[in-house]
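Dear colleague,

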Amino acid sequence: MAKMEAKTSLLDNMIGVGDMVLLEPLDEDSFINNLKKRFDHNEVYTYIGSVVISINPYRSLPIYSPEKVEEYRNRNFYELSPHIFALSDEAYRSLRDQDKDQCILITGESGAGKTEASKLVMSYVAAVCGKGAEVNQVKEQLLQSNPVLEAFGNAKTVRNDNSSRFGKYMDIEFDFKGDPLGGVISNYLLEKSRVVKQPRGERNFHIFYQILSGASEDFLCELKLERDFSRYNYLGLDSARVNGVDDAANFRTVRNAMQIVGFMDHETQSVFEVVAAVLKLGNIEFKPESRVNGLDESKIKDKNELKEICELTGIDQSVLERAFSFRTVEAKQEKVSTTLNVAQAYYARDALAKNLYSRLFSWLVTRINESIKAQTKVRKKVMGVLDIYGFEIFENADNSFEQFIINYCNEKLQQIFIELTLKEEQEEYIREGIEWTHIEYFNNAIICDLIENNQTGILAMLDEECLRPGTVTDETFLEKLNQVCATHQHFESRMSKCSRFLNDTSLPHSCFRIQHYAGKVMYQVEGFVDKNNDLLYRDLSQAMWKASHSLIKALFPEGNPAKINLKRPPTAGSQFKASVATLMKNLQTKNPNYIRCIKPNDKKAAHVFNEALVCHQIRYLGLLENVRVRRAGYAFRQAYEPCLERYKMLCKQTWPRWRGAARAGVEVLFNELEIPEEEFSFGRSKIFIRNPRTLFKLEDLRKRRLEDLATLIEKIYRGWKCRTRFLLMKKSQIVIASWYRRYAQQKKYQKTKSSAITVQSYIRGWKARKLLRELKHQKRCNEAATIIAAYWHGTQVRREYRKFFRANAGRKIYEFTLQRIIQKYFLEMKNKMPSLSPIDKNWPARPYLFLDSTHKELKRIFHLWRCKKYRDQFTDQQKLIYEEKLEASELFKDKKALYPASVGQPFQGAYLEISQNPKYKKLKDAVDEKIIIAEVVNKINRANGKATSRIFLLTKNNVLLADQKSGNIKSEVPLGDVTKVSMSSQNDGFFAVHLKEGSGAAGKGDFLLSSDHLIEMATKLYRTTLSQTKQKLNIEISDEFLVQFRQDKVCVKFIQGSQKNGNIPTCKRKNNRLLEVAVP
Ligand SMILES: Nc1ncnc2c1ncn2[C@@H]1O[C@H](COP(=O)(O)OP(=O)(O)O)[C@@H](O)[C@H]1O
Ligand SMILES: [Mg+2]
């Protein structure tokens, strides 16, 4: 895999050419077209050898992700498509591995992407260098120094919303392992004029807006500030807000960054107090006041602001006020004080503001350096990153002192570039043992000299003018230039008498023009002297030194009267010259890496490529020069191994493998290809190719050869694939066929086998059936013979026995059957017998008709039997009672209505206990026979029919009537004298006892009695009579009968009576002949 990747090259998949050195033909148009083509395809980076051209895309491209960092990490420079990471990686690796200090020089005009590029480089290095808590803290501090410096040193300009208004050079220091240790920042030429005045459409430094937007109310109050931008004269009103910039949020970021970098809280506080003081200085206004001596004097209009500034900074108000009104000039122990007019007062105010701010900025840089300083004394490796404004050319002679200075700096950078590039080139040639051929190129040393020469240089002359006593103006300076530089071939001016440019109307009189290496620039001379002087009246610096605010005091050390220095402070120009010289010296010791930033359009717009604008930048960046220098000797060089690896397919000897040394292989290869000898040179480790055309020819050949190879590989591969496939198919066919055959054979065999079995089974079946049929036939024959024999025997036997059977067989069967039936009948009857109760009327149904009479008889017999059984249980006593009851039934049943009521009553006979009752003792004694009945009856009076109670006694021989009370016997009748007993058929107890005429008792006539137990008495009387006299007593039952009363016969008549007296019948004597009984 790694090997595969190693084979990739910048030359693969190129859009246009990735390296301008290979551009053919090389001219401005092709250069721009190549850039445009690449830009349109999102390729914003292009190389010139090892220089990276970067075109600002003005939109975020997905090419800075951590994956991209990994992709470029540890890869050779030309391996991948051009990228700022490739340059960063190259620089970092040669720093780490080859111990070469590096510097990365980023140039380009404002808005071209320099600052972004420097941040990308730093972030890449941070990403790939060592890790660990300590290292990370260093990295973080280094990275966080950016937001702080940007807040104080950047501003929105027309070209760039976040334009750096200072030059910055940062040394990042590493240990031998490549871990970062710390850093040192140098700043150059802050554009301090911006503090007091900004061009249209631009802003002051970010920090002012950030404080006002982002600080809390309390903090603002502390700083004596108000949130409203319009309150401050130093804040240009237009474009105070920038689209897409959140000042308040940035303020928080800056404070946070300051904290990370290591600012103490009181330091931060002091810094913001100084910023507030600067802002408030702008609000101090002056008014003119005439003095007696006729001189103008200025007065502060409103002292309130001054008072607040003094409070904020701890300066005595009167001291500051005086410093704004007077100027003291000291010369040779003499002090001369002059008043300031209004214009001078404003100048002094602005000078103070500018100085305060620029010194604060320098202090910040120093303070940051303190924090990020490497903590060890060990030898460090250094990587410097220079982010400095490139050439600045304004149209219409708007270029002033600042542009002059900046362009001087760029001129110096170009010089160092040329020197270093050529030097490196030369060194490489020597290293590689190649003969050094002289290279034609433009050397800008002459321009540098024009500016910086100690005697005749423009800067020197400017200083001279500034120091010269007498009236000094910008014009006198220009005059001087005209005298000294008139003949210089890069200096142009109309002023000089014999000037070549006397008639050049494009060059105004107040201007001079310098032909820089990157083009002509016209400078407006106005302001040069003032800006170079950069004057701050001593009174002001002394006033500042007197402040109790420690930071402000520290910013103005020259204000200390003890250290008074009568010498003028160095001019801005000479200061800058000195710092540039130091920078150059610094850079010269390092290995340079260039990033040339180009701005594709003026509108900060994505996708817009303004060719004219780009052309202009290419010119002043001297990029074509760059390519030429690079190509002066050999345009392309490559180590032998990768070269052979890349082109070995172009020659039979080297393809596919070269067994000898790589160099010999390349020699063979180039000979074979018949490349002209002047076109290449063999170095020690590299092949040098003079012209890109040769390289492209090689590339072309390679491409064609690759196509052929591809075809070949494809051919072989296809053939191989077909053959393999065919072989596989063949093999599979055999396998399938063998399997199939086996299967078919198996199938066939199984079929044959099964048919054989079928046929076999049929045959066996047929045979078996045949046998079975025969056996069956045989068996039937046997059976038939047996049956015939049996029949025959039967016939024989029957014929023999018929004689005995025929006579009485029928009768016998009949009898037998009958017997069986009767037997069965009785057996069944036995089971069906009803209960033994005499009153049970159930009897089973008759089963056969012919048994009808038997059945009835049986029923009768059974009934008699069970009755007898029932009777046999009775005692003699009971028998007697039943006999009596039977007698009564025979006598009265269906004759007397009273009878049914008597059936249930037991016959007791002796109702009266004669023997027990002492009352009847006499009566008892009188009767010595057994008493059959003893009962109380009513005797009906014969005369009136009224009833009287009498005791009625029946003995064996007599009937007795006795008085109930006394027991005296009233009448005694022997049974033989009783002839008849009469009674009604009705439900009454009356009865008459008829006596035999003429007998002893018959004197008074018959008795008419009434009793409740009539039936019993009549029955017993009948029975006793029968047993004594052997005669049946006549019992007459009739509703009319005659009774003998003495001589009279009276008729007793029973009638249906009313129920007046309840149920008791009433008896009444109607007349002599009739006694009526009313029965209810
Ligand atoms: N590589 C880049 N990718 C995306 N935008 C960029 C890139 N470089 C620059 N820019 C854009 O251009 C603006 C100006 O870039 P900056 O680096 O501040 O310019 P300079 O420092 O050259 O004045 C940035 O604010 C950013 O919006
Ligand atoms: Mg910048």
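A residue is called buried here if its relative accessible area is under 20%, and exposed if it is over 50%. Please note that the model is predicted.

By that criterion, helix H32 has these buried residues: Leu1014, Ile1015, Glu1016, Met1017, Ala1018, Thr1019, Lys1020, Leu1021, Tyr1022, Thr1024 and Thr1025. The helix covers residues 1014–1029, and its 16 residues should span 22 Å at 1.5 Å a residue; the end C-alpha atoms are 22 Å apart, which agrees. After H32 comes Lys1030, which has a positive phi, near 60 degrees.

A sheet was also examined. Strands E17, E19 and E18 form an open sheet in the order E17-E19-E18, with antiparallel pairing. Its edge strands are E17 (636–639) and E18 (680–682), each of which pairs on one side only. On average, and with direction ignored, neighbouring strands are turned by 15 degrees against each other. E17 and E19 (residues 686–689) are joined by four bridges, and Ala639 stands opposite Lys686 in E19.

Two helices lie across strands of this sheet. Helix H24 (residues 640–647) lies across E17, E18 and E19 and runs at about 95 degrees to E17. Helix H25 (residues 662–672) lies across E18 and E19, at about 155 degrees to E18.

Finally, the cysteines. With a cut-off of 2.5 Å between sulfur atoms, the count of disulfides is zero. The closest cysteine sulfur to that of Cys221 is in Cys310, 18 Å away, which is too far for a bond. Cys221 is exposed, at 56% relative accessible area, whereas Cys867 is buried, at 17%.

Yours sincerely

Definitions and conventions
Residues numbered from 1 in each chain as written. Chains lettered and ligands numbered in written order. Predicted model: local features only at pLDDT ≥ 70, side-chain atom pairs only at ≥ 80, totals over all residues. Heavy atoms only, no water. Expected span 1.5 Å × (residues − 1). Buried < 20%, exposed > 50% of the residue type's maximum accessible area, 1.4 Å probe, protein only. Pairing = 2+ DSSP bridges. Axes fitted to C-alpha atoms, helices over the stretch in contact; angles between N-to-C directions. Contact = heavy atoms within 4.5 Å.
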